[in-house]
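I opened this notebook to keep track of what I looked up in the structure, entry by entry. The sequence and the model come first, and my notes follow.

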Amino acid sequence: MFQEKIDLLKKGIIDYAEHVEIMLIKSLEGTINRNEEVLHNVIDKEEAIANRYEIEFDEICINYIAQYQPVGKNLRAIVSAIKMSNDLERMADHAVNIAQNGLFLISHPFIKPFIDIPKMSDVTVRMLKDSIKSFVNEDICLARKVLGDDSEADSLKIKVIDELTGIMSKDPKTVSRALKLINIASNLERIADLTTNICEDVIYLSEGVVVKHHQLNK
């Protein structure tokens with residue numbers, strides 16, 4: 001009986017993560033394609049849905065704990081699910097931040113082609129997909145791979161900042177736009193970090209081992 005409840009939790013996490021993924025993709029595509037309607041949709045509608053996901057999901061988890069009083073791995077599964085819900089809500093907030101920065105950018109001429117930021121988005125979306133897949137399948141190997149992939153997102157962020165710093169130093173008129181682009185890269189990097197939180201929870205769920213700050217001592 002309780003395994004059925006765990007399966008329902010996993011399905012809920014999948015649905016929640018898919019919604020956050022859509023928000024992230026829309027926020028980047030709306031910015032790159034200069035689509036104000038898409039960006040407003042993320043801010044005005046999609047965020048509210050994400051917030052409802054978190055509230056409803058947390059209530060379900062609390063009810064499970066009160067009703068079944070799980071222990072051991074079952075308790076770890078619910079605690080991990082609650083933490084994942086919180087991480088997903090924070091990811092949704094970062095997607096909204098990207099959309100808000102996008103609204104500013106599309107009202108001004110772009111200062112450079114979008115190259116590394118879309119790459120960052122691809123890496124981040126892949127990490128999100130893999131982190132959820134690792135949770136659903138309790139795949140420790142995949143979880144550890146995502147933890148390693150975080151360095152790719154970090155490297156791309158540094159590349160974005162270095163290039164935009166050079167642009168700002170040559171033309172002070174680009175500062176406000178460059179800072180918005182840096183903000184977008186920073187939000188993507190934070191989403192990537194949050195996916196590693198999920199993978200740490202996967203390791204905790206499966207092995208009962210607390211993994212923080214990517215200390216993967218084997």
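Before sorting any lining residues, I noted the classes: Ala, Val, Leu, Ile, Met, Phe, Trp, Tyr, Cys and Pro count as nonpolar, Asp, Glu, Lys and Arg as charged, and the others, Gly among them, as polar.

Ground rules. I am working with a predicted model, in which local features need pLDDT of at least 70 and side-chain atom pairs count only at pLDDT 80 or more, while totals for chains, interfaces and linings use all residues. Residues are numbered from 1 along each chain as its sequence is written, and side-chain values use heavy atoms, with hydrogens and water left out.

Entry one, the overall fold. I looked up the elements, where helices (H or I, at least four residues) and strands (E, at least two) are DSSP runs numbered from the N terminus, and found 6 helices and 0 strands in the protein chain. The C-alpha atoms fill a box of roughly 60 × 40 × 20 Å along the principal axes. I also noted that residues 24 or more positions apart account for 83% of the contacts with a separation of 6 or more, a contact meaning heavy atoms within 4.5 Å.

I took buried to mean under 20% relative accessible area, exposed over 50%, and partly exposed in between, with a 1.4 Å probe and protein chains only; buried residues make up 47% of the 218 residues. A nonpolar core is a set of buried Ala, Val, Leu, Ile, Met, Phe, Trp, Tyr and Cys residues joined through side-chain atoms within 4.5 Å. The largest such core has 62 residues, and those with the most contacts inside it are L9, L88, M91, I117 and L188. Helices α1 (2–32), α2, α3, α4, α5 and α6 (175–207) each supply at least two residues of this core, and α6 gives the most, with 14 residues.

I treated a cavity as a set of points, on a 1 Å grid over the protein atoms alone, where a 1.4 Å probe fits but cannot get out, with lining residues having an atom within 4 Å of a point. Grid points are joined across faces, edges and corners, and a volume is the space filled by probe spheres set on the points. I counted 2 cavities of 30 Å³ or more. The largest holds about 60 Å³ and is lined by K112, P113, F114, I115, I117, V160, L164 and L181, a lining of 7 nonpolar, no polar and 1 charged residues.

Q69, in the loop between α2 (36–68) and α3 (72–106), has a phi near 45°, a positive value in a residue other than glycine, and is exposed at 63% relative accessible area. E138, in the loop between α4 (116–137) and α5 (140–170), has a positive phi near 50° and counts as partly exposed at 28%. K145 is found in helix α5, is partly exposed at 40%, and touches R126 and D130, not counting residues up to four places away in sequence.

Definitions and conventions
1 Å grid on protein atoms, 1.4 Å probe; cavity = no way out; pocket = protein on both sides within 12 Å on 5 of 7 lines; lining within 4 Å.
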